[in-house]
Amino acid sequence: MKTLLLFLIPLFVTAQGQQERLLQQGLKASSKGLYDSAEFYYRNASSYYTSQNDRKNFLNVSIYRADNLANWGNYDAAIQIAKMVEEESEQWLGPRNYFQGFAYQAIGNAELKKGNYQQAIDQFWDAELIFIGNETSKPWLAGLYNATGNAMRDNGSYSQAIDYFNRAHNQFQRQGDEINATIAQLNIAGCYVMQEKYDEAVKEFEQGKSFFLEHLGEKHPLFGSLYNNIGAAVFYQAKDYSLALQYYLKSLAIRQKQTGEIHLDVARVYFNVGWTYEMMKKFTESDAYYSKAENILNQIFKNGHPLAAWAYSRHGHLMSRQKKFQEALGMYDLAETQNVRQVRGEKIFLDKVRAIETYKFRATTYYDWYKATKNPAHLKNALKFLIESEKVMGQAGKQRQKEGDRLEIGKISRNIFEMGVEVCYELNRITKDQVYLEEFFYFSESGKAQVLNQAVEESQALKFAGIPDSLIAEDRDNRKLTAEYTQKLLSFDPARQPASDLKDIEDILFFTSASAKMLEQQLEQEYPKYFQLKYQEKNISLKELQQQIPPGEMVMSYIITDSLVFASAITAKDIEVKPVAIKPSQLERMITAMRSGILFQQKEAFTKSSHQLFTLLFPSGIPSDIKSIVIIPDKRLAKIPFETLLETTTPPDADYARMNFIINRVTVSYANSARLYLSRIKFEPSKSVKGLLAVAPVFDDDKTNGINLRTRSWLTATEKVIKNSGQTRGQLFNGNAIAPLPATADEINSLYRLFERNKSASEMILGKLANERKLKNTNLSDFKFIHIATHGFANEESPELSGLLLAQDTTELEEDNVLYMGEIYNMQLKCELVTLSACETGLGKIMEGEGVVGLARALTYAGAQNILVSLWKVNDASTAALMIDFYQALLNESRDSISAALQKAKTNMIASGKYADPYYWSPFVLLGR
């Protein structure tokens with residue numbers, strides 16, 4: 001876990017209309033970081049205004065004084081003065097006046113520095129509501145947004161923090177305040193470091209450094225924060241610890257001169273220096289600097305502080321690395337006391353991310369102690385603290401409004417789940433107690449698709465909590481706006497679009513986010529059932545899962561740790577867990593070799609890697625009574641089609657038609673998690689009145705294939721042409737137009753006729769009619785099956801830019817005829833199956849603890865129970881043949897499962913010989929049953 005960066009810099013302010021000498025001198029001293037001098041001037045100015053009975057200026061200078069005291073480190077005094085302003089201004093101006101907004105902001109600043117992040121956010125939110133509704137105070141919103149961004153960042157909500165910093169930056173620029181605009185931009189760079197966007201962060205830091213050198217000079221106190229942040233970027237990105245140390249020590253010298261030794265910012269730099277020495281394996285120096293940080297923080301914060309908790313946690317980890325296990329545990333005890341408040345007998349953590357890390361370090365120490373001594377008591381203690389960490393993790397996820405921030409929590413927590421499965425497996429091995437298999441399953445399941453599961457549950461809560469249609473529509477509108485403008489933000493092209501467009505996009509996103517937050521608060525307060533459904537624990541037990549698995553079916557669940565692949569074979573009667581020792585790099589090579597062997601039709605590379613992976617992933621083979629397998633993959637395993645695994649070694653010159661792919665004897669389907677697998681088992685067949693909606697733009701004339709100029713540039717960058725023997729649905733362009741897909745017309749016509757013969761009312765949207773507006777205006781919930789045959793593309797860097805191409809219309813102003821991932825999220829589906837007969841629709845960004853974030857994820861949220869997607873660029877003609885065969889089997893068979901129909905279509909293609917190569921039949925995989 002990274003140490004959270006701090007760029008809490010006093011904003012440069014101007015006392016508009018305030019010419020009094022004392023106030024001006026106070027403002028000047030405060031802006032230079034001379035907080036003791038500023039307090040002297042503010043206090044005297046306050047006395048002067050009191051003697052003149054000048055209420056307005058007295059309250060005004062009191063706000064400046066409160067902020068200055070908070071920056072100086074006198075937090076309680078700052079809060080006391082701000083609360084006085086809140087009370088006196090209400091007596092003078094009534095409730096919700098703009099001075100109360102300033103008071104809330106000052107209280108928030110002090111609470112933020114005290115480490116009370118959520119309290120600070122709540123205070124800033126109250127101030128924002130006042131400022132937005134008061135014309136007099138609107139110019140001050142920029143400073144408030146910057147402060148809120150700092151609180152969001154320190155609380156681990158980096159995406160939301162960036163929204164606030166962007167808003168602050170734009171507003172400062174409109175006010176002509178380039179210094180504060182630059183500070184806001186540097187705060188964004190701090191968030192980029194936490195999101196591992198290091199190149200972007202370093203670029204922003206260097207630009208900020210050049211700007212400040214030109215306008216302020218290197219002796220300015222701002223460089224204390226700047227050098228600390230540059231040091232952190234170097235620390236995380238380049239692992240250049242010597243260079244990071246140089247920046248930290250430069251920051252330290254500035255900090256000490258500005259504030260003296262006993263200050264939060266000095267302690268922060270000491271901590272960073274200690275961590276750097278730890279990574280350099282200079283443990284004596286690391287110990288000394290951690291101790292310096294702890295001593296300062298203990299003097300300032302008598303009741304604890306999250307930074308102190310983090311310092312003690314890392315200090316304990318340092319002790320553990322030196323096998324001083326008992327000393328390490330003592331440090332963790334101190335860390336917890338620094339981060340906890342007891343409220344009515346309940347532990348309330350100031351910083352839940354820090355609490356997660358402290359528990360994780362405790363568990364790691366006990367686990368390492370067990371490895372050194374083989375004492376089972378240490379292993380049980382490791383499990384105890386892993387469970388505590390997971391509980392806090394759930395609380396932390398609920399606090400985050402934006403999905404991006406929830407995904408960040410998943411990244412933090414992933415190694416907790418990995419350690420959990422290792423510890424539980426070992427406990428089961430040495431005690432033979434089945435309860436540890438339950439715990440093993442719990443950690444394995446918790447490490448998969450947590451955010452997706454939560455999103456689906458929130459969606460269900462909206463439907464079944466008795467919420468009025470008007471509020472549900474409001475929620476839907478917010479989500480649509482967010483999806484639309486997120487896509488515009490990510491695809492913004494500064495070479496073709498003015499900077500003012502970017503600011504407008506960011507403004508709309510910001511206010512939509514605020515609107516969504518207010519609506520969420522309203523729903524949770526006014527509809528208790530919504531709150532209950534949204535937050536109730538949904539984890540399933542191993543026993544619950546086994547009770548639902550039908551005879552002849554086996555669930556294969558995987559979890560990958562630093563040195564092991566755990567393969568869990570779960571049936572209705574049994575569970576067998578097999579750990580296989582393998583280095584991540586070796587597993588990655590095997591997966592890459594198999595994918596490359598299929599994609600580039602290299603038979604020898606494919607057959608070798610395919611059998612190697614079968615041996616690894618099915619260590620006990622496939623029992624003879626198993627007819628159906630459901631795969632719950634982990635990490636990069638989500639990018640291979642298990643259907644192609646070979647049960648035995650195969651000569652490289654063998655015909656594909658004679659190879660023993662596992663698809664020849666079992667059906668294969670996939671699930672993001674066991675919880676989503678169960679939801680599909682329990683799914684009641686759709687009562688929709690119509691059978692099939694079939695869509696294909698074809699792109700065979702100049703009215704449907706002329707790509708919009710505004711999307712062409714980044715679509716071109718997305719395209720990755722793969723050499724093959726035929727035309728693919730992933731080669732986006734043919735000259736200056738979208739590449740035609742002639743086979744999709746036959747595919748759609750054949751499917752339409754097939755459903756009509758089956759007396760299932762269907763609808764076909766073909767050619768130029770298959771555009772975005774038509775699809776969005778169609779009532780998709782009327783159909784049991786939705787089939788879209790077109791070009792698809794996956795953007796693994798920004799999954800929100802993954803999508804499907806629809807028929808183009810250069811005269812269309814509102815729709816760009818690209819159906820993006822965010823837009824799919826907002827579809828209202830009740831169908832049994834969505835088929836994306838396109839390229840790469842099963843790909844996306846692999847997120848730690850979450851899995852693949854892409855189009856299939858969006859369809860799951862939208863309500864599709866089963867989803868057929870592709871893992872690479874697919875051949876046009878073979879895809880059409882596979883789809884026609886698949887639906888024919890689906891309609892003509894007993895309808896036991898969709899996976900059985902897909903199995904029949906694939907095995908027919910293998911047996912036919914023409915398309916027996918797995919390149920043709922294996923890319924399409926079924927999320928479902």
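Predicted model: local features only at pLDDT ≥ 70, side-chain atom pairs only at ≥ 80, totals over all residues.
Trainee: OK, and where are the two helices, and at what angle do their axes cross?
Mentor: Helix H14 covers residues 283–300 and helix H15 covers residues 306–321, and their axes come within 9 Å and cross at roughly 155°. Helices here are DSSP runs of H or I with at least four residues, strands are runs of E with at least two, and the numbering starts at the N terminus. The axes are lines fitted to C-alpha atoms, for helices over the stretch in contact, and the angles between N-to-C directions run from 0 to 180 degrees.

Trainee: So what are H14 and H15 to each other, parallel or antiparallel?
Mentor: They are roughly antiparallel, because angles over 145 degrees count that way, while those under 35 are roughly parallel, 65 to 115 roughly perpendicular and the rest oblique.

Trainee: Which residues meet there?
Mentor: Among them are Phe283, Tyr290 and Leu297 in H14, which belong to the set that meets residues of H15 including Leu307, Tyr312 and Leu318, where contact means heavy atoms within 4.5 Å. The residues of this contact between H14 and H15 divide into 9 nonpolar, 4 polar and 4 charged, with Ala, Val, Leu, Ile, Met, Phe, Trp, Tyr, Cys and Pro counted as nonpolar, Asp, Glu, Lys and Arg as charged, and the others, Gly among them, as polar.

Trainee: What about H22 and H23, how do their axes cross?
Mentor: The axes of helix H22 (residues 469–490) and helix H23 (residues 499–526) come within 9 Å and cross at roughly 155°. That makes H22 roughly antiparallel to H23, and H22 passes H23 in a left-handed crossing. The residues of that contact between H22 and H23 divide into 11 nonpolar, 6 polar and 4 charged.

Trainee: New topic: how many salt bridges are there?
Mentor: The count comes to 28 salt bridges, each defined as a side-chain nitrogen of Lys or Arg within 4 Å of a carboxyl oxygen of Asp or Glu. Side chains of opposite charge can pair when their charged atoms come close.

Trainee: What does Arg43 pair with in a salt bridge?
Mentor: The side chain of Arg43 meets that of Glu39, with 3.1 Å from N to O, and the two residues lie 4 residues apart in helix H2 (residues 35–51), about one turn of the helix. Arg43 counts as partly exposed at 38% relative accessibility, whereas Glu39 is buried at 7%; buried means under 20% relative accessible area, exposed means over 50%, and partly exposed lies in between, with a 1.4 Å probe and protein chains only.

Trainee: And which residue forms a salt bridge with Arg429?
Mentor: Arg429 forms one with Glu426, the closest N and O atoms being 2.7 Å apart. Arg429 is partly exposed, with a relative accessible area of 40%, while Glu426 is buried at 15%.

Trainee: Is Glu357 buried or exposed?
Mentor: Glu357 is buried, and so is Lys360, and the side chains of these two meet in a salt bridge of 3.0 Å, N to O.

Trainee: Which residues are linked in a network of salt bridges?
Mentor: Asp333, Glu336, Lys347 and Arg362 are linked in such a network.

Trainee: Moving on, how many residues of H33 are buried?
Mentor: Helix H33 (residues 855–862) is mostly covered, with 8 of its 8 residues buried, and Gly863, which follows H33, has a positive phi near 120°.

Trainee: Which value does phi of Val698 have?
Mentor: Phi of Val698 is near 70°, a positive value in a residue other than glycine. Val698 sits in the loop between strand E8 (690–696) and helix H29 (709–718), and counts as buried at 4% relative accessibility.

Note on methods:
Residues numbered from 1 in each chain as written. Heavy atoms only, no water. Left-handed = near helix turned anticlockwise from the far one by under 90°.
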